[in-house]
Amino acid sequence: MLTFLTPLGALLVLVALLPLGALAYAALRAERTARALRLAPAGRRALVLPAALAAGVCVCLAVAAAQPAVRTTHRQSVRTQSQVFFVVDVSRSMAASPTVSGETRLARARAVVDGLHRAVPDVPSGLAGLTDRVLPYLFPTSSAVAFDQTLRRSVLVETPRPQQVSTNATTFAALASLGRDGFFDRGTRTRTCVLVTDGQSRSYATGDVARSLAGPRGCRLLVVRVGDASDRVFGADGTPEAGFAPDPAAGANVRQLAEATGGRAFEPSELGAAASALRQAASVGPVSREAAEVTSRALAPWFAALAALLAAALVAVRIRRPGLHLIRTYA
């Protein structure tokens, strides 16, 4: 569909009337002068080409000023009764990496989320960060572009910052909010939560989280652990921070959370199984064809380039015929 982003810019076409009017006036005046002097006037054909080129330049500039664009709506199959919420642990420990220049746990977590999201392209998905609370970055959407941009730009270490100052700020107790704070649309029947974490959490009441997620507004939980016992958090000077130590019980913490909530836990080497489990849990229910993405292709640069070509042609005509004589004389 063709649309104009700044349609008032098309009023610039009125500028085309100025040179055309000037040429018409000059032609009429030249004819009158020729008749008065009993000379043969130059043919009007000499004015047609320059006038057409000048008008073309003005019209192209006017269209470019209106910023025309072709908008295309891309439709895709979307699950109407199923949604997924990806929750990424963004605590300080997720900045840990095997070496100073190695890939951080958070970078690995983003890669896991990206891969799992691609496993369920027809399921609207949202994103949130976890410290000692869960902060939504993006509510479930079928837009892959919005999801990818949010994952890349918003999922950062300590965003949100923990409300309490502690060596280990993360607590899985915050996951209870997924079942009570409206993360999913009300009419959604199948709700799936995917937690990607390094498994380092303060002690919490697993029963509270289990009851919340099992409630009418809760979700089925899948947990994917990232990180390694050799990871360290490095300071600006490249030395490991003394206050950080990997939790040897991280894997057990993840399994305990999954068992308490009736979900499943996966290690980094089990991403294929995690993707299959996610598809089995979320790719269910009715499907409809909906507008997922709207892309826009700007045409203004093309019209501006055409105006430049026409202007160059006009200059070439003037050079080739330097005095478009309005009166032709005879010896």
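Trainee: Which residue in strand 7 is the bridge partner of V87?
Mentor: Keep in mind that this is a predicted model. Strand 4 (residues 82-89) and strand 7 run parallel, joined by seven bridges. In strand 7, V87 has as its bridge partner L195.

Trainee: And which residue in strand 8 is the bridge partner of T192?
Mentor: Strand 7 also pairs with strand 8 (residues 220-225), in the parallel sense and over six bridges. In strand 8, the partner of T192 is R220.

Trainee: How many residues of strand 7 are buried?
Mentor: Strand 7 covers residues 190-197 and is mostly covered. Buried here means under 20% relative accessible area. Of its eight residues, the number buried is seven.

Trainee: Is the peptide bond from T159 to P160 cis or trans?
Mentor: Most peptide bonds are trans. P160 lies in the loop between helix 4 (144-153) and strand 7. With omega near 20°, the bond from T159 to P160 is cis.

Trainee: What is the relative accessible area of E158?
Mentor: E158 sits in the loop between helix 4 and strand 7. Its phi is positive, near 55°, though E158 is a residue other than glycine. E158 is partly exposed, and its relative accessible area is 22%.

Terms used:
Residues are numbered from 1 along each chain as its sequence is written. This is a predicted model: local features need pLDDT of at least 70, side-chain atom pairs count only at pLDDT 80 or more; totals for chains, interfaces and linings use all residues. Side-chain values use heavy atoms; hydrogens and water are left out. Buried means under 20% relative accessible area, exposed over 50%, partly exposed in between (1.4 Å probe, protein chains only). Helices (H or I, at least four residues) and strands (E, at least two) are DSSP runs, numbered from the N terminus. Two strands pair if DSSP finds at least two bridges between them.
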